Amino acid sequence: MLTGKQKRYLRSQAHHLDAIFQIGKGGLNEQLVRHIGEAIETRELLKVSVLNNCTEEPKELGAELASAAEAELVQVIGRTIILYKESREHKQIELP
């Protein structure tokens with residue numbers, strides 16, 4: 001679990017990032033979760049965008065995605081999900 005201070009720090013680090021993945025009308029599937037899991041292992045901090053044609057709520061998708069990818073949900077703001085997972089091999093972010 002992340003503390004409030006750590007989440008605040010991660011939000012500031014994610015501010016300049018662009019969303020790498022988009023969730024559309026197909027919603028979450030195993031392939032998308034696998035790709036996000038691989039990407040978050042190398043990047044540690046990741047933004048995912050939820051498109052307007054997606055029928056599910058972004059907050060619900062964020063919680064599902066975080067548990068499926070074994071990551072921490074940092075924030076869901078609007079239709080953007082921010083995820084964090086500490087990397088084993090490519091550690092770049094030092095949490096306060």
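# Briefing on the predicted protein chain

Leaving out residues up to four places away in sequence, A39 touches F21 and L46, where contact means heavy atoms within 4.5 Å. The model is predicted, so that local features need a pLDDT of at least 70 and side-chain atom pairs count only at pLDDT 80 or more, while totals for chains, interfaces and linings use all residues. Residues are numbered from 1 along each chain as its sequence is written, and side-chain values use heavy atoms, with hydrogens and water left out.

**Overall fold and dimensions**

- The protein chain contains three helices and four strands, these elements being DSSP runs numbered from the N terminus (helices are H or I with at least four residues, strands are E with at least two).
- Followed along the sequence, the elements of the protein chain come in the order α-β-α-β-α-β-β.
- The radius of gyration of the protein chain is 13 Å, which agrees with the value near 12 Å that a compact globule of 96 residues would have; the radius is taken over C-alpha atoms, and the globule rule is 2.2 Å times the number of residues to the power 0.38.
- Along the principal axes, the C-alpha atoms of the protein chain fill a box of roughly 35 × 25 × 25 Å.
- When contacts between residues at least 6 apart in sequence are considered, 68% of those in the protein chain join residues at least 24 apart.

**Surface and charge**

- Of the 96 residues in the protein chain, 40% count as buried (buried is under 20% relative accessible area, exposed is over 50%, and partly exposed is in between, with a 1.4 Å probe and protein chains only).
- The protein chain has an accessible surface of about 5900 Å², and 45% of this surface belongs to carbon and sulfur atoms; the areas come from the Shrake-Rupley method with a 1.4 Å probe, and for residues only the protein chains shown count as cover.
- The 13 positive and 14 negative charges of the protein chain have mean positions that are 6 Å apart; Lys and Arg count as positive and Asp and Glu as negative, without His and the chain ends, and each charge is placed at NZ of Lys, CZ of Arg, CG of Asp or CD of Glu.

- E44 is found in the loop between helix 2 (30–43) and strand 2 (45–50), and its phi is near 75°, a positive value in a residue other than glycine.
- E44 counts as buried because its relative accessible area is 0%.
- The side chain of E44 reaches the backbone nitrogen of Q92 at 2.9 Å, which is a polar contact (a pair of N or O atoms within 3.5 Å; within protein, one must be able to donate a hydrogen and the other to accept it, and residues adjacent in sequence count only if both atoms are side-chain atoms).
- Beyond its neighbours within four places in sequence, E44 is in contact with L83, Y84, K85, E86, S87, H90, K91, Q92 and I93; K91 lies 47 residues from E44 along the chain, and the C-alpha atoms of the two are separated by 7.5 Å.
- E70 sits in the loop between helix 3 (58–68) and strand 3 (72–77) and has a positive phi of about 55° although it is not a glycine.
- E70 counts as exposed because its relative accessibility is 61%.

- Q6 has its place in helix 1 (residues 4–14), and it counts as buried because its relative accessibility is 15%.
- A polar atom of the Q6 side chain lies 3.0 Å from the backbone nitrogen of T3, and Q6 also touches M1, L95 and P96 when residues up to four places away in sequence are not counted.
- K5 lies in helix 1 as well, but K5 counts as exposed because its relative accessibility is 54%.
- The C-alpha atoms of K5 and A69 are separated by 23 Å, the two residues being 64 apart along the chain.

- A39 lies in helix 2 and counts as buried because its relative accessible area is 14%.
- A39 and F21 are 18 residues apart in sequence, and their C-alpha atoms are 9.7 Å apart in space.
- G62 lies in helix 3, where it counts as buried because its relative accessibility is 0%.
- Not counting residues up to four places away in sequence, G62 touches L73, I81 and L83; from G62 to L83 the distance is 8.2 Å, C-alpha to C-alpha, across 21 residues of sequence.
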